[in-house]
Amino acid sequence: MTVTVYSKPQCMQCDFTKKFLDENHIAYTSVDVTADDNAREHIANLGFQSLPVVEASGFTPWFGFRPDQLEKLVSA
């Protein structure tokens, strides 16, 4: 499964999301949207204006710290 977390520095929900993934041994790629214009445009094109945005293969992308969605990744 491929998981990408679009985040920014000093973002508490972003940090919580990445900590959850780390604690559950789920590999992911973290993309800082403040340093990557293409990533920022990508999440805007998906319709998101808040961070983090999580994309995981086989799942609908979501934003924010969502333990309910993250648990689904653990179960996958």
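**Notes on helix packing and aromatic pairs**

1. Phe63, at 44% relative accessibility, counts as partly exposed; buried here means under 20% relative accessible area, exposed over 50%, and partly exposed in between, with a 1.4 Å probe and protein chains only. Please bear in mind that this is a predicted model, where local features need pLDDT of at least 70 and side-chain atom pairs count only at pLDDT 80 or more, while totals for chains, interfaces and linings use all residues. Residues are numbered from 1 along each chain as its sequence is written, and side-chain values use heavy atoms, with hydrogens and water left out.

2. Let us turn to the helix pair. Helix H1 spans residues 12–23 and helix H3 residues 67–75, and their axes come within 11 Å and cross at roughly 20°. That angle makes H1 roughly parallel to H3 (under 35 degrees; over 145 is roughly antiparallel, 65 to 115 roughly perpendicular, the rest oblique). The crossing of H1 past H3 is right-handed. Helices (H or I, at least four residues) and strands (E, at least two) are DSSP runs, numbered from the N terminus.

3. Which residues make the contact between H1 and H3? From H1 come Thr17, Phe20 and Leu21, and from H3 Leu70, Glu71, Leu73 and Val74, contact meaning heavy atoms within 4.5 Å. Sorted by class, this contact of H1 with H3 has 5 nonpolar, 1 polar and 1 charged residues.

4. Setting aside neighbours within four places in sequence, Thr17 is in contact with Val5, Pro52, Val54, Gly64, Phe65 and Leu70.

5. Lys18 also lies in helix H1. Is Lys18 buried or exposed? Lys18 is buried, with a relative accessible area of 18%. Not counting residues up to four places away in sequence, Lys18 touches Val5, Ser7, Tyr28 and Ser30. From Lys18 to Tyr28 the C-alpha to C-alpha distance is 8.4 Å, and the two are 10 residues apart in sequence.

6. Gln69 is found in helix H3. With a relative accessible area of 13%, Gln69 is buried. Its contacts, not counting residues up to four places away in sequence, are Thr60 and Trp62.

7. How many aromatic pairs does a search of the whole structure find? There are 2, with ring centres within 6.5 Å as the criterion; planes under 30 degrees apart count as stacked, over 60 as edge-to-face and the rest as tilted. One is Phe16 with Phe65: the ring centres are 5.6 Å apart and the planes lie at 55°, so this pair is tilted. Phe16 sits in helix H1 and Phe65 in the loop between strand E4 (62–63) and H3, so the pair ties together parts that are 49 residues apart in sequence. Phe16 is partly exposed at 40% relative accessible area, and Phe65 is partly exposed at 31%.

8. Phe48 and Phe63 are also paired: their ring centres are 5.9 Å apart and their planes at 55°, so the pair is tilted. It links distant parts of the chain, 15 residues apart, with Phe48 in the loop between helix H2 (37–45) and strand E3 (53–56) and Phe63 in strand E4. Phe48 counts as buried at 16% relative accessibility, whereas Phe63 counts as partly exposed.

Methods: Axes fitted to C-alpha atoms, helices over the stretch in contact; angles between N-to-C directions. Left-handed = near helix turned anticlockwise from the far one by under 90°. Nonpolar A, V, L, I, M, F, W, Y, C, P; charged D, E, K, R; others polar. Phe/Tyr/Trp six-rings, centres within 6.5 Å; stacked < 30°, edge-to-face > 60°.
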